[in-house]
Every structure is written in C-alpha cells, then in structure tokens.
Amino acid sequence: MTSGLTLRLYESSDAEALSAICRKAVIHLGPHAYRPDQVAAWLSLAPDAATLHQIYSDGRHAMVAADVASGPIAFADLTDTGHIRFLYVDPDHAGRGIGAALVKELLEHARDAGICSVWSDASELARRVFERADFACVSRQEHEIAGTWIHNFLMRKCVLGADASGRRSQRQD
C-alpha cells in the first residue's frame, strides 16, 4: 500500500466522493472484464451519494482509504452478517494493494466482532483481491440487470475456527 494513505471509518462527508469512485471504477475498470452492455448494466446499480449514505447509516463497518493530499480513493464495508457489499478503488490508484488492505481490515474487524464467515458477490475484477486474501470461490453467479446478463462470484472465507488462521496450506506435490 502506498505511503500517505490512511484507513479510517466512513464519514457522511465521504458519500459524494465514494459514489464517484464507484462510478469511475465501473466505467474505467469494468471494460477489462465485461462487455459494454454489461458495464452499463453494472453502472445502473451504482449508488448516488444519498443512497450510499443511507446504506452506510445502517451500522455496518464502512472503511475509507484516504490519501492525505486528495481525500478518499477507495472504500469497502462489512455488515454484521459478514457480507462485503462494496469494494471499490479509484482506477488512478488501482493495483497498489489498497483493495487488499481494506479487505484485511474488514477481516480483522470480523474476527474482533465474532463474525464466523465473510462473503461477497465479487466482480471478475475483485475476485483476484479476494482470492489473494484466501477467500474460496463458492460459485459463479449469473444475474439479469436492466435486461443484460452479467456474472460475478460468490466468495467466502471462514474467519473464526480451525481453518481461519489466515495461513495458506502448503501443497504436497
């Protein structure tokens, strides 16, 4: 993760910037994994600032990665049932480990909160971030959005119990 970056809790003043990050990520990164009609369908689900603030006012653990100079550049959240609904990084900052740092923080929070399992409906792009954090791909899911079929992946990780050490098992060849 880059220096000059902090992870902090969501504040209501972040809503506009986070909504813009979500839209920018879908528009600029979505075409790397999805067709134009699928990107448009995905974009139709992107929350505006008021909707995002309403979602983040429900008590979930919402984290923001903020750059000292430019403000919010990424965000993610975790509900008390273990669902990660959003994980978005501004495309100008993608590939620097910021998404991974947010997931790591959410997993630590889940452990501290006694949440047994964490899951997400991850895009083709976010799937790699979750896999590097030792999430298992449970299934590929197909959804119809605005008349267009688009896929994502149900990713799950046990964070409490015998298999939740966070260490990768060693392969025996």
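Reader: Which residues lie nearest the centre of the largest pocket?
Author: Trp42, Leu87, Tyr88, Ser123 and Ala126 lie nearest the centre, within a lining of 40 residues. A pocket here is an open set of points on a 1 Å grid where a 1.4 Å probe fits, with protein on both sides within 12 Å along at least five of seven lines; lining residues have an atom within 4 Å of a point. This is a predicted model: local features need pLDDT of at least 70, side-chain atom pairs count only at pLDDT 80 or more, and totals for chains, interfaces and linings use all residues. Residues are numbered from 1 along each chain as its sequence is written, and side-chain values use heavy atoms, without hydrogens or water.

Reader: How much space lies in the largest pocket?
Author: The largest pocket holds about 1000 Å³, counted as the space filled by probe spheres set on the points.

Reader: And which element gives the most to its lining?
Author: Helix H5 does, with 6 residues. Other elements giving two or more residues include helix H1 (15–29), helix H4 (98–113) and strand S7 (136–145). Helices (at least four residues) and strands (at least two) are DSSP runs.

Reader: How do the lining residues divide into nonpolar, polar and charged?
Author: The lining has 24 nonpolar, 11 polar and 5 charged residues; Tyr counts as nonpolar and Gly as polar.

Reader: Changing topic, in what order do the strands of the open sheet run?
Author: The 4 strands follow the order S1-S2-S3-S5, with antiparallel pairing; two strands pair if DSSP finds at least two bridges between them.

Reader: Over how many bridges do S1 and S2 pair?
Author: S1 and S2 (residues 61–67) pair over 5 bridges, and Leu7 stands opposite Ala65 in S2.
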